[in-house]
Amino acid sequence: MAKIVSNFFISLDGVVERPDQWHFPYFDDEMGAVVGRGVEATTAFLMGRTQYQEWSEFWPNQSGDDLEFASFINSVPKYVLSNTLTETTWQNSHLISGDSDQVAARLREIKEQADGEIGMSGGATTVRWLLANGLLDELRLLVHPIAVGHGQRLFEDTPTYPLRLLNSSTLKSGVLNLTYAPDAARS
């Protein structure tokens, strides 16, 4: 059975929006290795409409330094959660739509039929929905030692979600590498 794993670059004040504006000074080979291990375990990818639209316009046209990730993301099965898209055109993309119960049921089927990790990168709205529906298995955070002060936060106006720390390490850059799982015992 596969598990859904969400990955975020996140600031100390919880901002996940536009990491391209604050993340790169902390990215180094050590963080690249952490990200690479996550990609290696990913057998499918889950995304919402916004990420799908951005990535489907960008990644199919990449080469050079980005070739390795482009090859991965272009070929891996992608599941797109959207009630506004009517089709997906990016290679190996599958649209999942319907009411909340229908989408949750379909994701449970996919998890049961697959192995490995169904990865996500970003997508705060999708992660909050997954948590609310008991579908998120792990939340992996690379917490950067910076307070951004503005932008969408991972948890904004949400219910309380108890989490259990599964793993932690500190990178030389000061970034915390944290892995959490929902903690049903504290709900």
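Predicted model: local features only at pLDDT ≥ 70, side-chain atom pairs only at ≥ 80, totals over all residues.
Leaving aside residues up to four places away in sequence, Leu 154 touches Phe 8, Ile 10, Gly 14, Val 16, Ala 124, Val 127, Arg 128, Leu 139 and Leu 141.

Leu 154 also belongs to the largest nonpolar core, which has 27 residues. Along with Leu 154, the residues with the most contacts inside this core are Phe 8, Leu 46, Leu 107, Val 127 and Leu 130. In soluble globular proteins, nonpolar side chains tend to be buried together. The elements below each give two or more residues to the core.

| Element | Residues |
|---|---|
| strand 1 | 3–11 |
| strand 2 | 42–48 |
| strand 3 | 78–81 |
| helix 4 | 100–113 |
| strand 5 | 117–121 |
| helix 5 | 124–132 |
| strand 6 | 138–144 |

Apart from this core lies another, of 12 residues, with Trp 55, Ala 70, Leu 85 and Trp 90 among them.

Now for helix 1, which covers residues 29–41. Met 31, Val 34 and Gly 38 are its buried residues. Viewed down the helix axis, these buried residues fall within an arc of 60°, so they line one face of helix 1. The cover over them includes strand 1, strand 2, strand 5, strand 6 and strand 8 (176–182). On the other side of helix 1, Asp 29 and Glu 40 are exposed.

Terms used
Residues numbered from 1 in each chain as written. Heavy atoms only, no water. Core = buried A, V, L, I, M, F, W, Y, C linked by side-chain atoms within 4.5 Å. Buried < 20%, exposed > 50% of the residue type's maximum accessible area, 1.4 Å probe, protein only. Helix = DSSP H or I, 4+ residues; strand = E, 2+ residues; numbered from the N terminus. Contact = heavy atoms within 4.5 Å. Expected span 1.5 Å × (residues − 1). Arc of directions from axis to C-beta.
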